[in-house]
Amino acid sequence: MTHKRHQGQPPAPPPPPPPALDPDSQEPVAAAAPPEATGPSEVDVLKDRHLRLAAEYDNFRKRTMKERAEAWSRAQAELVARLADALDDLSRFAHIDPAEIDSKTLHDGVDLVERKVWKELEAAGVTRIDQAGVPFDPNVHEAVTTAPATKPEDDHTVGQVVQPGYKMRDTLLRPARVVVLTWQGQ
């Protein structure tokens, strides 16, 4: 038997699929409705959490850098404020007419200013490296030349400090430039 289609009629829709049968009871089972979108998916939630954490970290990094720069500026300002009195005294001595002051008074004034500066630098943790007769230490000394030692026990010791060095607590600011004694075996 052949089916003829009548002209002008649309094609018939396909028949619905047969209902699924429950394997135990062999009764038709209603097809599960597609899940409705009730909220954001787990991927969206994790993506949002990741973006928020990245933004928080970036803000933390920027805030920390700003705080570190501000702390450095405050520390520098504090050191300059400590040295202000000594700088004022130094300025006074620099602008005195040499004809109106004797050299002893000028020397005593400069010595006073130096003591004031060192008092404040030591309070800030600065120490001077300028000892002769100590073993040469490449961590705090820079050898500029050598000189012969008079005794074997003076080998590799500092014979003379050409330019003092400075440390601030555990940080070397400048090594001491020294003459190192070496034993020649005379």
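Colleague: Why is Asp 111 called partly exposed?
Modeller: In this predicted model, Asp 111 has a relative accessible area of 30%. Buried means under 20% and exposed means over 50%, so a value in between is called partly exposed.

Colleague: And what makes the contact between Arg 115 and Asp 111 a salt bridge?
Modeller: Their side chains meet at 3.7 Å, N to O. The cut-off is within 4 Å, so the pair counts. Arg 115 and Asp 111 both lie in helix H2, four residues apart, which is about one turn of the helix. Elsewhere, salt bridges that share partners join Asp 58, Arg 61 and Lys 62 into one network.

Colleague: How do you know that Arg 61 forms a salt bridge with Asp 58?
Modeller: Their closest N and O atoms are 2.5 Å apart. That distance is within 4 Å, so this pair is a salt bridge. Both residues lie in helix H1 (residues 42-94), three residues apart.

Colleague: Are Arg 61 and Asp 58 buried, exposed or partly exposed?
Modeller: Arg 61 has 34% relative accessibility, and Asp 58 has 26%. Both values fall between 20% and 50%, so each residue counts as partly exposed.

Colleague: How many salt bridges does the structure hold?
Modeller: There are ten.

Technical notes:
Residues are numbered from 1 along each chain as its sequence is written. This is a predicted model: local features need pLDDT of at least 70, side-chain atom pairs count only at pLDDT 80 or more; totals for chains, interfaces and linings use all residues. Side-chain values use heavy atoms; hydrogens and water are left out. Helices (H or I, at least four residues) and strands (E, at least two) are DSSP runs, numbered from the N terminus. Buried means under 20% relative accessible area, exposed over 50%, partly exposed in between (1.4 Å probe, protein chains only).
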